[in-house]
Amino acid sequence: MLDTATRNIKFLPGVGEQRATLLNRELAIHSLNDLLYYFPYKYIDRSKVYRVSELGGQLQHVQLVGEIRSFEELGEGASRRLVAHFTDGTAYVDLVWFRGIKFIKNRLKTNARYVVFGKPSMFNGRVNIAHPDVDDASSLQLDSMGLQPYYNTTEKMKRSGLNSNAMAKLVQNLFKLLTDDIPETLSPDIVAKHGLMSLNEALHVIHFPKNLKELQAAQYRLKFEELFFIQLNILSYSRDRQKRYVGHRFSKVGEMFNRFYKENLPFELTSAQKRVVREIRADVNGNRQMNRLLQGDVGSGKTLVALLSMLLAKDNGYQACLLVPTEILAEQHCATLRRMLGSLPVRVELLTGSTKQKERSAIFEGLENGNVDILVGTHAVLEDNVVFRNLGIVVIDEQHRFGVVQRAKMWAKNSIPPHVLVMTATPIPRTLAMTLYGDLDVSVIDELPPGRKPITTNHIFRNRIDSLYSFIRGQINEGRQAYIVYPLIKESEKLDLKNLEDGYKQLCNVFVDYKLSKLHGKMKPKEKDEEMRRFASGETQILVSTTVIEVGVDVPNASVMVIENAERFGLSQLHQLRGRVGRGASQSYCVLVTDYKLSEDTRKRMEIMTASNDGFEIAEADLKLRGPGDMEGTQQSGIAFDLKIANLARDEQLLQYVRVVANGVLDADPKQESPLYRVVWERLRTIKNMKNWNWGAIS
Ligand code: ADP
Ligand code: MG
């Protein structure tokens with residue numbers, strides 16, 4: 001039998017060396033299988049023939065059958081064009097070509113029957129079709145053509161004649177080679193129970209569907225399969241890990257936890273915080289390693305949950321580590337924890353890339369002899385020379401900067417891997433969380449501390465900036481503070497920093513009677529500290545900064561967040577930045593400043609931001625606008641998304657459904673030895689071995 005997975009694409013009739021190179025480079029198609037799974041991105045119904053008299057300017061693609069009566073060459077230079085007057089007897093329509101005029105004129109004849117296919121538009125009050133496909137009517141059997149597949153191809157491919165039509169021909173050639181059915185990859189019980197089309201039929205139909213109903217059945221089957229194996233992979237991985245890893249047991253709630261709770265806590269925990277602490281407590285008191293994702297919108301009070309969890313570790317004789325993505329956040333967290341703990345005998349230390357060698361040695365010593373109870377740090381903590389005496393729990397704050405790989409590094413710091421609590425305010429939409437972190441249990445803080453007022457968000461164009469400045473002045477006069485944030489991305493770092501400096505100078509002129517702080521990642525740690533401290537203590541009223549303050553920074557008195565060039569930020573980032581205000585009791589404001597001219601996409605983002613304060617809603621919208629591949633975090637997570645047909649934003653229900661199916665298979669055949677599921681396990685192994693199937697990388 002022909003092995004489509006290993007057979008090189010260059011041996012397919014119609015391909016050869018040159019085209020094979022193109023297919024390799026442009027579309028990563030190397031084997032026959034790669035082509036088989038290169039699905040059309042759209043289909044056009046070619047079973048319907050329109051009458052010319054029916055045409056108007058707003059139709060999508062149409063198909064006409066008729067004859068060309070005459071040709072005409074019009075215009076000069078760029079508007080030079082060939083016009084063919086085409087009719088089917090009901091009316092006339094102009095077919096127009098701006099390029100390849102000579103070629104078309106030689107090929108097409110008057111008074112021969114043609115099938116014309118293209119998109120009508122209106123020009124000077126007349127309907128015309130620019131650059132239509134024109135085929136000899138006798139060569140096309142329209143009633144059997146069904147839906148015509150359209151394949152994405154690149155400019156380079158098109159220049160070598162590898163357009164969508166040519167791709168369709170190649171797929172046809174491929175099917176001619178396949179004398180046997182393509183083997184089934186799902187077990188017969190699953191296929192039967194869920195009424196799925198066979199894989200063989202689905203693959204044929206997805207390329208050449210006869211009608212919409214058939215196409216939908218094929219799409220369903222292929223999406224089902226794709227999502228099923230993702231879930232099966234991650235679920236079997238997580239069951240396996242649960243079996244292998246026993247966790248440290250924090251059996252008692254001891255002195256530090258109790259004293260902190262009774263004496264140091266300045267406020268009552270929200271009921272959501274209490275529930276989450278109970279969930280964590282149940283995990284660490286069991287006999288398996290905790291892996292929990294804590295989602296809570298900005299300002300919901302996750303830091304406190306982290307501290308309580310770490311105190312549980314301390315009370316049971318273990319050390320704890322709080323990992324954060326930026327130095328500024330690490331410094332702030334360290335200060336916050338020390339302040340909250342007050343005089344309790346809990347030693348908190350800070351380790352970042354800029355910790356001095358001398359301090360570093362002292363910290364290392366404390367970690368090894370167990371004197372340091374809580375280590376707050378950045379990536380620096382992951383290094384091999386950071387050795388704990390007895391690490392019991394790792395809390396990872398603002399998780400989207402830490403992927404699977406980093407988590408695994410922390411597990412390796414002990415012979416018994418520590419419990420892991422991942423906290424995030426960038427709410428990962430449910431579908432994505434299930435796919436990315438299907439191995440984590442999820443807790444949600446769905447309640448903000450009492451007394452918070454929803455943040456008012458406005459979008460203004462830059463020409464109204466003066467009224468914004470007087471608004472800020474008003475807020476400062478009432479004793480509040482303001483952030484003004486400028487974008488900074490690696491690609492345009494120099495220019496962005498200059499914008500920040502210019503902006504800062506200008507703002508100093510505007511707000512002459514106030515004090516301003518300035519903050520960006522390129523400053524020395526000492527300076528950063530100092531500027532942050534001045535703002536946090538209220539010495540300065542305005543903090544002009546890059547996105548270094550994006551996550552975690554907590555100055556409750558700040559009530560205004562101005563985001564300059566808001567068009568350059570993604571939704572999640574905007575929401576994160578907005579979360580820096582609204583942390584105290586006073587009404588807070590977020591103002592998005594953009595240019596007047598905006599793309600459709602940007603306009604939508606601004607609308608969503610002004611309409612919603614709900615991080616989950618925003619994350620869902622973000623997923624829909626950008627697609628999962630672009631989601632912050634998916635790239636760093638070690639799992640790239642290469643879904644061929646399913647769509648995480650649209651196929652959420654199906655994903656949840658197949659998760660149940662996958663769990664069922666794992667329940668029914670935990671040892672992976674039942675003949676019934678042999679095809680399924682074999683397929684899973686194959687998928688994991690595929691190079692371009694990256695989500696297998698998790699195991
Ligand atoms: P985030 O979830 O964004 O990390 P933080 O932990 O920084 O939120 O908490 C935001 C602010 O809310 C902090 O100033 C914190 O002290 C305060 N806070 C946390 N929990 C409560 C609570 N139960 N009641 C009142 N204020 C709280
Ligand atoms: Mg936080």
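**Close-up views of a predicted model**

**View 1. Contact between domain 2 and domain 3.** In this predicted model, 15 residues of domain 2 are in contact with 17 residues of domain 3, where contact means heavy atoms within 4.5 Å. Domain 2 spans 255-445 and domain 3 spans 456-612, with bounds taken from an automatic or database domain assignment. Their C-alpha centres are 29 Å apart.

**View 2. The area buried between domain 2 and domain 3.** About 1300 Å² is buried between the two domains, 57% of it on carbon and sulfur atoms; buried area is the accessible area (1.4 Å probe) that two parts lose on being put together, summed over both. On the side of domain 2, Val298, Ile328 and Gln332 lose the most area to domain 3, together 42% of what that side buries.

View 3. An N or O atom in the side chain of Thr303 is 2.6 Å from an oxygen atom of ligand 1. For the side chain of Arg583, the corresponding distance to an oxygen atom of ligand 1 is 2.7 Å.

**Notes.** Residues are numbered from 1 along each chain as its sequence is written, while chains are lettered from A and ligands numbered from 1 in the order in which they are written. Local features need pLDDT of at least 70, side-chain atom pairs count only at pLDDT 80 or more, and totals for chains, interfaces and linings use all residues, while side-chain values use heavy atoms, with hydrogens and water left out.

Technical notes: A polar contact is a pair of N or O atoms within 3.5 Å; within protein, one must be able to donate a hydrogen and the other to accept it, and residues adjacent in sequence count only if both atoms are side-chain atoms.
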